[in-house]
Amino acid sequence: MKRLPLFCYTLLAILVTAVYLPMIYDKVFFKKIEKTHLFYSPVSQDFIFKEKLVGPVPEEAQGFAVDHHTGIAYKKADGTYVPRIDFEKHLPFIFYKNMEIWGLLPLELNGRAFDKAAIKADRKVMELKSRNIPDKAPVVKFWPLLESNPGQARLVFPEDRFRITDTAMVFINADTNTQDKALTEIYTRALKDKGFRFPARSVNGKFTVLKPFDEGVFLVDADYRVFHLKRVNGMPQVVDTHIPAALKTRHIKVSENKQKEFYGLLLTQDGKVNLLSYDNYGLIPVPIQGYDPDRMDLKLIFNSLYTTAVYSDNTIIRAVAMDNTFTPVRSYVHTMSRATPTTASKIHDFLFPFALKVGVRETDEFTRVSFVPGNWISLGGMALCAVVFFGISVLGRGRRPDAGRLALVALTGIYGLIAVSLVEPDH
Amino acid sequence: MEPVINVEHLCHSYGKRYIYKDLNFSIPPGKIYGLLGKNGVGKTTLIKILMGFLWPVSGRCRVFGEDSHALTPQTRARIGLLFEGHVAYEFMSIREIERFYAPFYPDWDRDTYYRMVDKLGLKPNHLVKNMSCGQRSQVVLGLLMAQQPELLLLDDYSIGLDAGYRRLFLDEMQEFLDKGNRTVFLTSHVIQDMENFVDEVIFLERGGKLLTTSLEEFKQEFTCYRLPGGVNGSGSSRSEILRACPAIKNIEVHASHWDLFTFASREDLAGSLAPLDVPSNRLEEIPMNLEDAFIGYTGRY
Amino acid sequence: MIAAIFRKEYYKIRWPWLILLLFNLGLMGYIAIATRRLFILDHPEVVWYRVLHLGQIHCEAMMYAPLLSGILIACFQFLPEMWGERFRLSLHLPVSPGYVALSHLFVGLTAYTILACLDLALLSAVTARFFSREGVMVTLVTALPWTLAGAAAYLGGALTLLEPNYRLRAVNLMLAAGVAGLYLNNGMPGSYGPSIALLFLPLALMMLAILLPVLRFRYRRVG
C-alpha cells in the first residue's frame, strides 16, 4: 500500500530538485559568457579573436583590456594579446568606419587598394544558427508568398498565406480566413506542371518585408527535388533548380542580398553546407570539417579578399578562411574561455550528479526535457551524500539504512539525500 | 468469547515523550465501556489509536481481531465512529448526507436515520452547517445508527450538548443498544451521564496506569475519609504519607481539612497511618457522588 | 461507491465550481474581444505575421487562469475536508484509503478537466474565427502546457492540503510549485510540442504521491 506512493513521492522530489537546484545554483553563481568572436585578418593573414575571459586576465593582456570592459581580451592566433585599436586595424573590412575616421582609407592589401565603397560592396554575412533550422523550432507551417515585383521600394505582406498539403498549395485569405480557391488552383497547377510532387518536405524563404527585395521561396518536394517559386505580378513563376535530389536538401537559409551572388546557404541531410548560387542554382560546397548543424552555429563572413566560415558549439570555435574561389587558405581551432572550469563549475559538478533541464536549449527552440550528466567530480559528491546518509541513519536513528535507500542516495546524490530525508518514516 | 477490543503492551509517544509504555486491557462484546481520565493522560490518543487514525509506536491494539491501524473495509463497516464535536460533512443537507453514506453499508437502515432527524422538525434540504450543535448531534447519531455497527467508538459525545440533548442522545443510544449485541467504548466530560449508562469504566492515569471496574463497584469501594485540621502535629507531608501508605490513592489538601481517598477499609487505613502519627481516630467517612469519586481518584490537577 | 463519493464532492464544490466556470467563460469572452481588437487595429495579414511568425500570443491572458482554477478547486475540495479533520469521515468508510483518495482526486481532476477542456475548446473556437487551422494548432500547443500547470496546481494543492505535518506541507507546496513551473516556461509559442507527452509523467507521479500524505493523515506516520 505505502510502497508505491513512497516511490512516487521520492521520484517526484528527485525530479523537482534535479530541475531546480542546479538551475538556482547556476543563476546565483554563473554569468552567461558569450561566445568568442573569431575572424581572419587580411592584414596579418592569420586569425584573431575577441573573447570574454573567464577567470583572471593574463598579465600580458591586462593593459589592453581596459578601454571598455575588463575581462575582454583581443588575441591573435599566435598567442599575442593586442589592444582593441590594433585588433580593429587587423580587421579593416569590418571596422572600415573607424579606418575612415583614423584616415587609413583607402588601404592596400595583397596589392589591391580598397576604399569605403569597395569594402561595403563586398561585405556580407550569412548565418545558419542551429536553433533557426526550421525542423528545430516550432515553426508554423503557413507562409506568406511576397510579391517579388511590388512596383515600389517597399515590400508588403500579401493578404494571404499558403500551406502545402499532400495535394496542393493552398492559399488562405487573411481578410476572410477562407481558402482562395483561384490562387490555390493556379499555384498548384504551376507547381505540378513543373513536376513538383506533393507534399513538400520543406518550404524555405526569408519571410519578412525588411529586406531589399524578394526572391520567393525554395520548395523541397517529396522526392527531394528543389523548386524555386516566386510570385511575380501575382502569378507563379516556378523553376526546377535541378539541385541533385540525392543531396536530400534539409534546409535552405535564404538571404536576399543586393550583390545577387548567392540565394543563401543550402544544408543537406548529411550536414554539408553549400552556397546556393544565382548562377543556374549551382552549389559551392563550404569546406567546414567537423561541422554539425544540430549542435553548431555557422557564420560566413564575406569581404573583398576572403570568406571566413566560423562555426562553434558550446566550447570549441573553429574557422576556415577561404580565398575568392572558396579554397581554404587557413584554418583554426580554439577552445573558448567560456569552457574553462571555474571553482563554481567544479562545485556544481561535485554537488549535482546530473541535472534535468526543462526549457529551450542553445541549439533549438523547443522546450525540451534534457538529462545533463555530471562528470567524474560528481562521483565524489555522490559518495559524500551516501556517507552522510549512512552517518545520519546510524548516529541519529541508531540503525543502518535500508540498502535500497542507500543505493538511491548513492546514485542520485544530493537529490536522493533530500528526497529520502523528506519521506523519512515516523513523524 | 473473543474480545471486541484487545490492547496488549501498547506503547505510544510523541517524539521522546511517552504517553504510555505498556497499556493492556480488553473489552468483551455487548458491553458499554467508559474511558475516564484527566486531561492529558492520553484518552484522545487511545481513542485515535482505537479508531485507526494513529499507528502506535509498539504493542498491539486489535479491534475485531485486526490491528486497528490496518482494519479491512469489512471490519470498518462493523465500527461506527463519533468524532469529538459531532464532526460531520456540513456542506450537505439532511437528505444529501444520508444519500452519501447509504451505499457504503449493506444493512443501512434509512428509517432509523429519518426517525431520528424528523424529531428536529427540519426540512430535508436543511444544511448541516446551519444546525445547532444539538441538532447536528442527532444527525450524526442517526447516521451512526443507520449504519448498524457492532462497535461504537464515541469520542466525547457530550461536548457542546446541553442537558436535554445529552439526555436525548443517551436515551436513543440506549434504545438502540437494547436491540442487539453491540459494544460501546466512549469518553465523556460529563461523568454523571455515565452513571446509568456504562457497564464498566476504565480509569486511565498518566503513564498508562489503568483501573477497570464497574461503576457500582467503584462507588461502593472507593471511599473518602476526611481528616479535620489535616495532619497538624504529625509533621508528615502529603507526599510522605502517599509514599508510606500505598493504600491511599490520593490526598486533597484543603485549608481546613485533608481528604484521603482509598479503596481500603477504615481499619486498614488507620493501621497504615499509625506509624506516621497521623490522628487516624479523627477520620470521618464522607459520602460522594460519582463526580466527587472520579475527582478523588484522579486528583484535581 | 465511487458514485457516492462523486455525489458528496458534487454537493461540496458545485457552487464554487460554477463561479469558476463563469470566471473562465468571462476570461474566454475577454480573449475573444481582445483578439478581435487586434484585427481592428491592424491589417489581418500583419496580425497573422505577428502571431504566426513573430510569436505574439493573442491569448496570453489565459496563461495563469488554469493555474488559478487548479489551486481553487483543490482548496474548495480539500479545505472543508481538513477543517476539523473531516476527511476522517471518508477515510473510515468501508473502502481502502487509496480508493477514497483516488476517488476524490478523480472527482477534482474531472471538475478541473471540464474547465480546462472548455477553455481549450473556446480558445480554439475564438482562434479559428480569426486564424487558419495552423493558428489554432499552435495556440492549442501553447495553451495545453498552461492547462497541465493547472492540473499540477490542483494535484499540488491536494498534496499540500492533505499533508498533516506543517513542515512537510511547506515542502509539498514547494514541490507543487516546482512541478507547475515546468509547464510555464516562456518559450516560442508551440515550443512544448515534442515534450508534452513526457510532461504528463510528473502529473502521474504526483497523483500517486498524494497517497503518501493521505496515509500520513490516516495513521500519522508511514513506517
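Author: A residue is buried if 20 or more other C-beta atoms lie within 10 Å of its own, and exposed if 12 or fewer do. Keep in mind that this is a predicted model.

Reader: Is Leu151(B) buried or exposed?

Author: Leu151(B) belongs to strand E7 of chain B, residues 151–155. The cut-off for a buried residue is 20 other C-beta atoms within 10 Å. Leu151(B) has 20 such neighbours inside 10 Å, so Leu151(B) counts as buried.

Reader: Which residues does Leu151(B) touch, not counting residues up to four places away in sequence?

Author: Residues up to four places away are left out here. Pro29(B) is 122 residues from Leu151(B) along the chain, and their C-alpha atoms are separated by 8.3 Å. The residues that Leu151(B) touches are Val4(B), Val63(B), Arg78(B), Ile79(B) and Thr183(B).

Reader: Is Phe64(B) buried or exposed?

Author: Phe64(B) sits in the loop between strand E4 (58–63) and strand E5 (66–67) of chain B. Phe64(B) is not a glycine, yet its phi is positive, about 50 degrees. A residue needs 20 or more other C-beta atoms within 10 Å to be buried. Phe64(B) has 21 C-beta neighbours inside 10 Å and therefore counts as buried.

Reader: And Asn110(A), is that residue buried or exposed?

Author: Asn110(A) is in the loop between E4 and strand E5 (112–114) of chain A. Asn110(A) too is not a glycine, and its phi is positive at about 50 degrees. Asn110(A) has 11 of them, so Asn110(A) is exposed.

Reader: How many residues of helix H5 of chain B are buried?

Author: Helix H5 runs over residues 133–147 of chain B. From its first C-alpha to its last, helix H5 reaches 21 Å, close to the 21 Å expected at 1.5 Å a residue. H5(B) is mostly covered, and of its 15 residues the buried ones number 13.

Reader: Which residue just after H5(B) takes a positive phi?

Author: H5(B) covers residues 133–147. Look just past its end. There, with a phi of about 55 degrees, is Gln148(B).

Reader: Which chains share the most contacts?

Author: There are 2 pairs of chains in contact. No contact joins chain A and chain B, and their closest C-alpha atoms lie 8 Å apart. The pair that shares the most contacts is chains A and C.

Reader: Which element gives the largest share of the side of chain A that touches chain C?

Author: The contact takes 42 residues from chain A and 43 residues from chain C. On the side of chain A, the elements that give two or more residues are helix H1 (3–29), strand E7 (160–164), strand E22 (354–360) and strand E23 (367–373). The largest share is 12 residues, and the element that gives them is H1(A).

Reader: Which element of chain C gives the most to the side that touches chain B?

Author: Here 21 residues of chain C are in contact with 20 residues of chain B. Helix H1 (2–41), helix H4 (87–91) and helix H9 (211–219) of chain C each supply at least two residues of that side of chain C. By class, the side has 9 nonpolar, 4 polar and 8 charged residues. With 5 residues, the element that gives the most is H1(C).

Reader: How many helices and strands are there in chain C?

Author: Along the sequence, chain C follows the pattern α-α-α-α-α-α-α-α-α. The C-alpha trace of chain C spans about 65 × 30 × 25 Å along its principal axes. The count for chain C is 9 helices and 0 strands.

Note on methods. Residues are numbered from 1 along each chain as its sequence is written. Chains are lettered from A and ligands numbered from 1 in the order in which they are written. This is a predicted model: local features need pLDDT of at least 70, side-chain atom pairs count only at pLDDT 80 or more; totals for chains, interfaces and linings use all residues. Two residues are in contact if their C-beta atoms, placed from the backbone, lie within 7 Å. Helices (H or I, at least four residues) and strands (E, at least two) are DSSP runs, numbered from the N terminus. The expected span of a helix is 1.5 Å times one less than its number of residues. Ala, Val, Leu, Ile, Met, Phe, Trp, Tyr, Cys and Pro count as nonpolar, Asp, Glu, Lys and Arg as charged, and the others, Gly among them, as polar.
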